[in-house]
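Work through the exercises below with the sequence and the 3D view open. Try each task before reading its solution.

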Amino acid sequence: MAIRTAIIGLGIMGRRMAEHMTLHTGFTVDAIWDPDPAACALARAMAPDATVAATAEAAIAAADLVYLACPPVPRKAYALAAAAAGKAVFLEKPLGVDIGESRALVDALAASGVPAAVNYTQAAGDALSEVSSAAQSGALGTLMGADIVVSYAQWPRAWQEAADWLRFRAEGGMTREVISHFLFFSERILGPLELVWAQADYPAQSDLCETHVAARLISATGMPVTIMGSVGGAQPDRQEVTIKGSTESRRISDFYRNAASNGGPFVQLHGEYDDPRAASLKAQLDDLSLLIAGKPNRLATPEEALRVQVLVESILAPNR
């Protein structure tokens, strides 16, 4: 039977998930909720059979799986309510912005025993699987670390502007929203990382998020990871992680383009997807079905998401 799902938070991510869950044979979108009636109306267009619940609690009660696409601060309360009701929980990232609160959430989810995962979109994707296989087979040679580069003309990007909280220091910013994905990717390949140093710069308006960030991290075996992020200037978006090996390196651009270099120019290893976002979401949903069935899967665990959050908040902490 299809997994009955409630979606709480109907911004761009919630609506995308509603659309792709409706297309996936393993899921039905039974209930949706958002405090904004306009967002509910937009989501109904993606999932016309869904009921707009009167409250978040009513949406949780109507489903077996709760997907939380609301901003980080209210996410914990809804996740705890869902877990207490015995519902599986799929959380959007970041896990949170307060490390103590998130640690308590991870402990509570583990104690509840419900299936739980965090939506790091590369987790079940081809790019991470391919690079993991290449690293494990020795095709990359000796692993030598990673470089993460993120650069945007504006933040939030045009398609994100409706999610106003993304521009504020309290919950938003490119480090939490994008660099976190590549930290997750790097930890999957290199193992747990520790922060060595970091610097973040902010605009004059003190409540706005970072415009520039630089950091150096290191793995348990001494492999360095460098981060450079910036906002501003007429330019196309750039978002990539390079996993460096002594024989071959791999560069993942825009979350899914996998290119290889043995010292010369990077060469893409496969053709373009017709719809890379659809392919990524289908892979995540395929593995979400496995998680709920109690089977091995590639999704990001709450514990992995907490490790990424600790790194992200530590990068931002000296300058907040």
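The model is predicted, so local features need pLDDT of at least 70 and side-chain atom pairs count only at pLDDT 80 or more, while totals for chains, interfaces and linings use all residues. Residues are numbered from 1 along each chain as its sequence is written, and side-chain values use heavy atoms, with hydrogens and water left out.

**Exercise 1. Find Ile252 and decide whether Ile252 is buried or exposed.**

Step 1: Ile252 belongs to strand β12, residues 249–253. Helices (H or I, at least four residues) and strands (E, at least two) are DSSP runs, numbered from the N terminus.

Step 2: The relative accessibility of Ile252 is 0%, so Ile252 is buried. Buried stands for under 20% relative accessible area, exposed for over 50%, and partly exposed for what lies in between (1.4 Å probe, protein chains only).

Step 3: Leaving aside residues up to four places away in sequence, Ile252 touches several residues, among them Gln122, Phe185, Val241 and Asn258. A contact here is heavy atoms within 4.5 Å.

**Exercise 2. Count the aromatic pairs in the whole structure and describe two of them.**

Step 1: The search gives six aromatic pairs. Rings of Phe, Tyr and Trp (its six-membered ring) pair if their centres lie within 6.5 Å; planes under 30 degrees apart are stacked, over 60 edge-to-face, and the rest tilted.

Step 2: For Trp33 and Tyr78 the ring centres are 6.2 Å apart and the planes meet at 70°, so this pair is edge-to-face. Trp33 is in strand β2 (residues 27–33) and Tyr78 in helix α4 (residues 72–84), so the pair ties together parts 45 residues apart in sequence. Both Trp33 and Tyr78 are buried.

Step 3: Tyr120 and Phe184 are stacked, with 5.0 Å from centre to centre and 15° between the planes. Tyr120 is in the loop between β6 (116–118) and α6 (126–137), and Phe184 is in helix α7 (residues 174–190), 64 residues apart. Tyr120 and Phe184 are buried as well.

**Exercise 3. How many cavities of 30 Å³ or more does the structure have, and what lines the largest cavity?**

Step 1: A search of the whole structure returns one such cavity, and the volume of the largest cavity is about 40 Å³. On a 1 Å grid over the protein atoms alone, a cavity is a set of points where a 1.4 Å probe fits but cannot get out, and lining residues have an atom within 4 Å of a point.

Step 2: The lining of the largest cavity includes Pro94, Tyr120, Arg176 and Glu313. Helix α9 (302–316) and α7 each supply at least two lining residues, and α9 gives the most, with four.

Technical notes: 1 Å grid on protein atoms, 1.4 Å probe; cavity = no way out; pocket = protein on both sides within 12 Å on 5 of 7 lines; lining within 4 Å. Points joined across faces, edges and corners; volume = space filled by probe spheres on them.
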